[in-house]
Amino acid sequence: MEFDKVKELSQRYLFPNYGRLDLAFERGEGCYLYDDEGKQYLDTVAGIAVCSLGYSHPEWVKAMRDQVSHLVHVSNLYYIKEQAQLAQRISTITPEPITRTLFCNSGAEANEGAMKTAVRYTGRTKIMSALNGFHGRTSAAMGATGQKNIQNSFEALINKDAYVYYTFNDLEDVKAKMTKDTAALIIEGIQGESGVHSATREFFRGVRDLCTDNGTLMIVDEVQTGMGRTGQWWCCDALGVIPDIMTTAKGLAAGMPIGAVMSTDEIASVMTPGTHGTTFGGNPLVTASGCAVIDIINREHLLENVRTVGEAWTKDLKALQADFPNKIVDVRGMGFIQGVEISTPEEAASIRDYMIGHQVLVNLAHGKTVRLIPPLIFSMKQKDDFMKVFSEAVALL
Ligand SMILES: Cc1ncc(COP(=O)(O)O)c(C=O)c1O
């Protein structure tokens, strides 16, 4: 179907809740997307940190074909082989003693599940979360998202008594606000949506200690940073902290809708039958996808790729910043979650548009940060191709 027709149908029949660029894609292969005219785009967005294996990875496609041909969905009324196998694989990559998983369909749902688990385990009523963090757009996840622009006009759906907001990277603020009512503190190791802001190791470890001392559960939201994006399986590995509960989604099934809550035997044990659940959660198709993703990341040494290419990318971006200090304000992040803050939102938008015009896709986070979150297979050569166009775009500002 031609682009104009896709746009016309979308504008006529869909809720207008997404701001969309004038692009639509027909297919993808590796780190490239192709539009209806066959035009090729190098993709550093990966469906917002989702398509960890890029597009149409042959082994993943085979696993999905096999699965579709024999079983896509059965209910959690029964045991599900692929779900059990994925939970087992996840236990091999989560830090001890986190060995159990609850599956759902998205990052927001995973965070809802994590908060419900914490409230039930502790018998407490409050959740602490960071200002400018992002945890999703369902009611409780939106409540935990300390951003007015996301909560605005939906306040009726948020229990204001439940949420206490702290300043990211300010341990004294966390200390002052944590009480014996605090069931959980939820945190991202790198705040992706708000522009790629990293927690310092001291802050993250300090939060871990405060939670332990207070009997508060530490929930690390690895929805965006997990599944290898930082060059470690989890950002909390990179920051040297073991949480009580972790959540993930995006990259776990490389494009199939999935979310997961992971925790210890003891904490998971409170979620008895009837406490939580979802019809689709962890169905055979999405969990077979997750198994293939973990196997391929291991077999193709993709964490190593993320570290090697990511480090070189940081160097290149910092060198560009040194050349254009008035245009590039900051370079942040690690591995394949990098943020390049540009002086103004207008300049950031003009970089994005220039790059699209030159067949490279980039995403802007919080208006003026160019966020690079490519597939984990992104190569050194593709990084160089990106840098060539990006340098031109910055020089033109
Ligand atoms: C850190 C984090 N948590 C939660 C979410 C929400 O995930 P989903 O959009 O799958 O509900 C996101 C999405 O961007 C995220 O980045």
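**View A. Proline 97 sits in the loop between α4 (81–93) and β4 (100–104).** Helices are DSSP runs of H or I with at least four residues, strands are runs of E with at least two, and both are numbered from the N terminus. The bond between glutamate 96 and proline 97 is a cis peptide bond, with omega about 5°. The model shown in every view is predicted, so local features need pLDDT of at least 70 and side-chain atom pairs count only at pLDDT 80 or more, while totals for chains, interfaces and linings use all residues. Residues are numbered from 1 along each chain as its sequence is written, and side-chain values use heavy atoms, with hydrogens and water left out.

**View B. Serine 56 and asparagine 169 have positive phi values.** Serine 56, a residue other than glycine, has phi near 55°. Serine 56 belongs to the loop between α2 (46–49) and α3 (58–70). Its relative accessibility of 42% places serine 56 in the partly exposed class; buried means under 20% relative accessible area, exposed over 50%, and partly exposed in between, with a 1.4 Å probe and protein chains only. Asparagine 169, which is not a glycine either, has a phi of about 70°. Asparagine 169 is located in the loop between β6 (163–166) and α8 (171–177), and at 32% relative accessibility asparagine 169 is partly exposed.

**View C. Lysine 5 and glutamate 8 form a salt bridge within helix α1.** A salt bridge is a side-chain nitrogen of Lys or Arg within 4 Å of a carboxyl oxygen of Asp or Glu. By this rule the count comes to 18 salt bridges. Between glutamate 8 and lysine 5, the closest N and O atoms are 3.9 Å apart. The two residues are three residues apart in α1, which is about one turn of the helix. Glutamate 8 is partly exposed at 46% relative accessibility, and lysine 5 is partly exposed at 38%.

View D. Leucine 9 is partly exposed at 31% relative accessibility.

**View E. A salt bridge joins glutamate 341 and lysine 368, with 3.4 Å from N to O.** This pair links distant parts of the chain, 27 residues apart: glutamate 341 is in strand β14 (residues 337–342), and lysine 368 is in the loop between β16 (363–365) and β17 (369–372). Glutamate 341 is buried at 14% relative accessibility, whereas lysine 368 is partly exposed at 26%. Salt bridges with shared partners join Asp330, Arg332, Glu341 and Lys368 into one network.

**View F. Strand β14 pairs with β13 and with β17.** Two strands pair if DSSP finds at least two bridges between them. Strand β13 (residues 328–334) runs antiparallel to β14 over six bridges, in which arginine 332 has glycine 339 as its bridge partner. The hairpin of β13 and β14 has two residues between the strands, and its glycine 335 takes a positive phi near 55°. Four bridges join β14 to β17 in the antiparallel sense; here glycine 339 is partnered by arginine 371. Six of the six residues of β14 are buried, so this strand is largely enclosed by the rest of the structure.

**View G. Four strands form an open sheet in the order β1-β2-β3-β15, with mixed pairing.** Each of β1 (25–29) and β15 (360–361) stands at an edge with a single partner strand, so one side of each lacks a neighbour in the sheet. β1 pairs antiparallel with β2 (residues 32–35) over four bridges, and arginine 27 has tyrosine 34 of β2 as its bridge partner.
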